[in-house]
Amino acid sequence: MEWPAGERAVLHVDMDAFYASVEQRDRPELRGLPVVVGGPKDARGVVSAASYEARAFGVRSAMPLRTAARLCPRAVFVPVRMDRYLEVSRGVFAILDRFSPLVEALSVDEAFLDLTGCERLLGGPVAAARAIRDAVRAECGLTCSVGVAPNKFVAKIASDLEKPDALVVVPPGAVTAFLAPLPVERMWGVGPRGGGTLRAIGIRTFADLAAADPARLRRAVGAHAGALAALARGSDARPVVPDSSRKSVGAETTFPEDVSDPDALRETLVLLADRVGTRLRRDGLDARCVTLKVRYAPFRTITRRATLEAPASSTGALLGAAWRLFRERTPGAREPVRLLGIAASDFLAQPLLFAPREEARARRVDDAVDAVRRRFGTAALGRGSVVASGAVGRAKRGSGSGGARRAPSGASPEPPCPRNASSSSSVSSAPSRASSPFSSSCSVPSGGPTCRASRRPSSASSRSRPRRWSAAERAARSAGR
Ligand code: TTP
Ligand code: MG
Ligand code: MG
């Protein structure tokens, strides 16, 4: 099929039941069987991936494993083998890179490619899409689904529409007719929850949404109304940007002396979760996975990964997952800890517009904190309160670095780090797609004078000394008058 000359051509490629398909490929005895990746059927975790055979029974990603076992008792439950999936992912992306210099990875198993103007080289975007599917099948032994469209939004919807093993092409002239009858739940970030909100005001399809009265829509969904309506009309000018295609956002801290006080370790996790969450929210990312890294003396490092029940960017959700991993899946504070790290990964292609209630509540608190920090500097607000109000348990307040912090004056671009510790943040990006979330090759300096200057001991005497007010405190006081 010919693509109109001069029109943008964007491909969205997504592997089918990725983790489960890798398991079925590596273990031929699993082929044709319902396979659930995530752990034993009686474990407390959630499903990472379900083969299409398991989906026939209603099993889905992010569902508790025990629910999956109830829905499909004869399913084969296997553990997550992240290293293996990353290795296969590397192979898939090596193929995609042959087709365009503009490949934007969204997660381990999906990417956008800009193929505008590729007619002479590749025979046009549709021929290229076929060639990609053939190459993935031949070289990786896996199937993928591909959407071809004039922009990212439509390409993403198209790739998902007829999964698995599908190619859906939406030429520029067909966008309106393609989108019009689709249920609003198909829109990124809307899902069943947002769908309910929209249906309550009579909006069922993309066509309804595109034609909705702007004021009424704004009353129902808030500030996103305009963006939603534009997307429903198929209008999306976002470019395919390889450099923005981050795989993970992480922060870690090395203690100068090994730490075995659980409260101190928990405080550190609060601050790390805060740093990672702040970055996610700043960049509009919602993560599906949280990885905890713990190094014990001498240099025994373990990483533990959890899939969140719903994609999240709130500090509370990240902390909750990290603290659970620490308590339940590591030796915890029984061994002295030298380093702690948290990384968020598996980002949604589009931030959630309708987050689950818990996450929405946590996000409101975080948004308020972020706003204060934008205005007065990062050190203006600490994170003791997040823990106290969140689902994760007790916060240690007022002592050490986890309590309500005061600014030492001036602003830093990142939330503060624990005292007595050296820290770094990392942003793992497209070139290291298959690296660990903590890949040191992708570490970037965290900046933030608070971090680097935080080697002072946090003795009681230093806290009780009279202190000059920071700019933020002065502003807060005068605002309060
Ligand atoms: P998806 O592409 O969303 O799902 P999928 O590849 O399993 O199935 P399909 O695309 O055919 O619908 O996610 C890619 C992988 O990411 C998935 O195989 C496992 C992992 N993942 C999680 O760990 N937790 C999740 O909640 C989701 C949705 C995915
Ligand atoms: Mg997939
Ligand atoms: Mg995917």
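Tutor: Quick term before we start: a residue counts as near a molecule or strand if its C-beta atom, placed from the backbone, lies within 6 Å of it. This is a predicted model, where local features need pLDDT of at least 70, side-chain atom pairs count only at pLDDT 80 or more, and totals for chains, interfaces and linings use all residues. Residues are numbered from 1 along each chain as its sequence is written, with chains lettered from A and ligands numbered from 1 in the order in which they are written.

Student: Which residues come nearest to ligand 1?

Tutor: There are 19 residues around ligand 1. The ones that come nearest are Phe-18, Tyr-19, Ser-48, Ala-49 and Ser-61.

Student: And which elements give two or more residues to that shell around ligand 1?

Tutor: Elements here are DSSP runs numbered from the N terminus: helices (H or I, at least four residues) and strands (E, at least two). Those giving two or more residues are E1, helix H1 (18-26) and strand E10 (287-296).

Student: What is the strand order in the open sheet?

Tutor: Strands pair if DSSP finds at least two bridges between them. The sheet has 5 strands with mixed pairing, and its edge strands, E5 (103-107) and E8 (167-169), each pair on one side only. The order is E5-E6-E1-E7-E8.

Student: How many bridges join E1 to E7?

Tutor: Strand E1 covers residues 10-15 and strand E7 residues 144-149, and they run antiparallel. Val-10, for one, stands opposite Ala-149 in E7. The number of bridges joining E1 to E7 is 6.
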